[in-house]
Structures are given as C-alpha cells and as structure tokens.
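This report describes the fold of one protein chain, from its overall make-up to single residues. The sequence and the structure come first.

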Amino acid sequence: MMFSVKKVTIFYDMQQDRLNLLFTDNDEQVLLGAMTRRLLKALLAGLPVWLAKNIKHTQVPTNQNEAEQHEISQFNHQAAQQNIRAVHGNIEIDKAVTSFMIESINLAKQQRDEGGLDVDHINLSFVDDANSHHVVLAVSTAQLHTLIAEMLTKVDDWGVTNPWSGAADDSVGVASMVH
C-alpha cells in the first residue's frame with residue numbers, strides 16, 4: 001500500500017519504547033509507523049554522508065579534510081533547522097489508526113522545479129518488512145533536518161547522538177538501512 005504523506009506528527013511511546021510517526025495524507029487518512037532505536041541510529045549514521053553525496057547545497061569540495069567537511073555539514077544542519085517551524089504539544093488520536101513497524105527507510109533524491117530553479121528534494125520511504133506499507137514523505141533538505149532534530153528531541157533518553165553535533169557514533173552499519 002503506497003501512502004503519500006502531507007503531514008507527520010512525531011511522538012515517543014514510553015510503554016513500547018518506540019518513536020512513533022503519525023502520517024496523514026491529503027484525504028486525512030492516518031497511518032502510525034513505529035521506529036526502533038536501532039533503526040534511528042542506523043539512519044543517523046549514514047544520513048550525513050548520503051546528503052553530502054546526493055544533495056547539491058550540502059556537497060563539499062573534495063580537497064577538504066574530514067574535519068572541514070563535518071564543520072560545513074554541522075553548519076548546514078543548524079541553518080536548516082532555523083528555517084522550519086516545528087509545533088509542540090500533546091498528541092491526541094481521535095480515530096482508529098492502522099499501525100505498522102518501520103523496518104527500513106529508503107532515501108531518494110528528487111529534482112523539483114521551484115520558480116524556474118531545479119531544487120533538490122528528498123523522498124523518504126518508510127517500509128515494513130512485508131512491504132504491505134510503503135509510506136512516502138517528500139521533504140526539502142531543511143525539512144529533513146527539522147524532522148531529524150524533532151526525532152532526536154523525542155528520544156532524548158535513548159542516548160542517540162546527533163550526527164551533526166560532532167559526537168556521532170559510527171559503529172552502526174548503514175548498508176542494510178539506507179538505500
């Protein structure tokens with residue numbers, strides 16, 4: 001089932017120890033995806049490298065060392081967060097919602113024409129292991145940075161590090177997670 005997202009609401013379920021993403025489409029249909037700590041860590045481990053390779057404004061010249069590349073990525077992340085507003089508050093679900101466990105998150109670059117300019121956007125696909133749920137969220141780079149920042153605030157107790165903070169844990173394998 002393909003599901004195109006218009007809005008995402010993020011919250012933490014303490015009982016299940018899961019990060020939940022409440023996806024809403026244009027018809028106000030709702031799906032609830034649950035993400036594990038392991039999956040979020042894998043996403044965060046590979047995301048900065050994927051962005052640097054695939055998205056124009058995050059690419060850096062090849063003659064820069066790793067520290068300089070990290071500084072530029074950190075600056076881009078902080079600048080992107082300031083451009084998007086996030087809303088905080090309690091989550092109330094007032095109708096029956098189909099839920100699924102997010103097993104993988106696929107990233108794909110998409111070019112969009114915005115006022116005559118080709119702008120890089122990112123399609124995030126949230127998929128369960130049976131491929132019965134395939135949720136697609138199209139975001140700008142700034143929106144992606146805000147989404148990640150919001151995820152990190154919701155799971156502060158998980159000990160998951162922000163890959164743009166300088167203290168990222170690279171021990172998680174990414175090949176099986178980011179496609």
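The protein chain holds three helices and eight strands, where helices (H or I, at least four residues) and strands (E, at least two) are DSSP runs numbered from the N terminus. Along the sequence these elements follow the pattern β-β-β-β-α-α-β-β-β-β-α. The model is predicted, so local features need pLDDT of at least 70 and side-chain atom pairs count only at pLDDT 80 or more, while totals for chains, interfaces and linings use all residues. Residues are numbered from 1 along each chain as its sequence is written, and side-chain values use heavy atoms, with hydrogens and water left out.

Of the 179 residues in the protein chain, 42% count as buried. Buried means under 20% relative accessible area, exposed means over 50%, and partly exposed lies in between (1.4 Å probe, protein chains only). Contact means heavy atoms within 4.5 Å. Among contacts between residues at least 6 apart in sequence, 58% join residues at least 24 apart.

**Strands and sheet**

Four strands form an open sheet in the order β2-β3-β4-β5, and the pairing is mixed. Two strands pair if DSSP finds at least two bridges between them. The edges are β2 (7-13) and β5 (98-101); each has a single partner strand, so one side of each is left without a neighbour in the sheet. On average, neighbouring strands of this sheet are turned by 25° against each other, direction ignored. Axes here are lines fitted to C-alpha atoms, for helices over the stretch in contact, and angles run from 0 to 180 degrees between N-to-C directions.

Within the sheet, β3 (residues 18-24) pairs with β4 (residues 30-35) in the antiparallel sense over six bridges. Leu21 has Gly33 in β4 as its bridge partner. Helix α3 (residues 141-154) lies across β2, β3 and β4 and runs at about 20° to β2.

Another pairing joins β1 (residues 2-4) to β8, in the parallel sense and over three bridges. Opposite Phe3 stands Val135 in β8. Five of the seven residues of β8 are buried, so this strand is largely enclosed by the rest of the structure.

**The nonpolar core**

In soluble globular proteins, nonpolar side chains tend to be buried together. A nonpolar core is a set of buried Ala, Val, Leu, Ile, Met, Phe, Trp, Tyr and Cys residues joined through side-chain atoms within 4.5 Å. The largest such core has 35 residues, and those with the most contacts inside it are Met35, Leu40, Leu124 and Phe126. Two or more residues each come from β3, β4, α1, β6 (104-114), β7 (117-127), β8 (134-140) and α3. Helix α1 gives the largest share, seven residues. Leaving aside neighbours within four places in sequence, Leu124 is in contact with residues including Ile105, Leu107, Val135, Leu137, Leu144 and Leu147.

**Packing of α1 and α3**

How far apart are the axes of α1 and α3, and at what angle do these helices pack? The axes are 12 Å apart and the angle is about 155°. The two helices are therefore roughly antiparallel, a label for angles over 145 degrees; angles under 35 count as roughly parallel, 65 to 115 as roughly perpendicular and the rest as oblique. The contact is made by Leu40, Leu43, Leu44, Leu47 and Leu51 of α1 and by Leu144, His145, Ile148, Met151 and Leu152 of α3.

Leu44 lies in α1. Apart from neighbours within four places in sequence, Leu44 is in contact with Ile148, Leu152, Val160, Thr161 and Pro163. Leu44 and Asn162 are 118 residues apart in sequence, yet 7.3 Å apart in space, C-alpha to C-alpha.

**Single residues**

| Residue | Relative accessible area | Class |
|---|---|---|
| Leu44 | 3% | buried |
| Thr36 | 18% | buried |
| Asp17 | 28% | partly exposed |
| Glu28 | 40% | partly exposed |

Thr36 is placed in the loop between β4 and α1 (37-54). Not counting residues up to four places away in sequence, Thr36 touches Arg18, Met101 and Trp158.

Asp17 is found in the loop between β2 and β3. Although not a glycine, Asp17 has a positive phi of about 55°. Glu28 lies in the loop between β3 and β4, and its phi is also positive, about 65°, although Glu28 is not a glycine.
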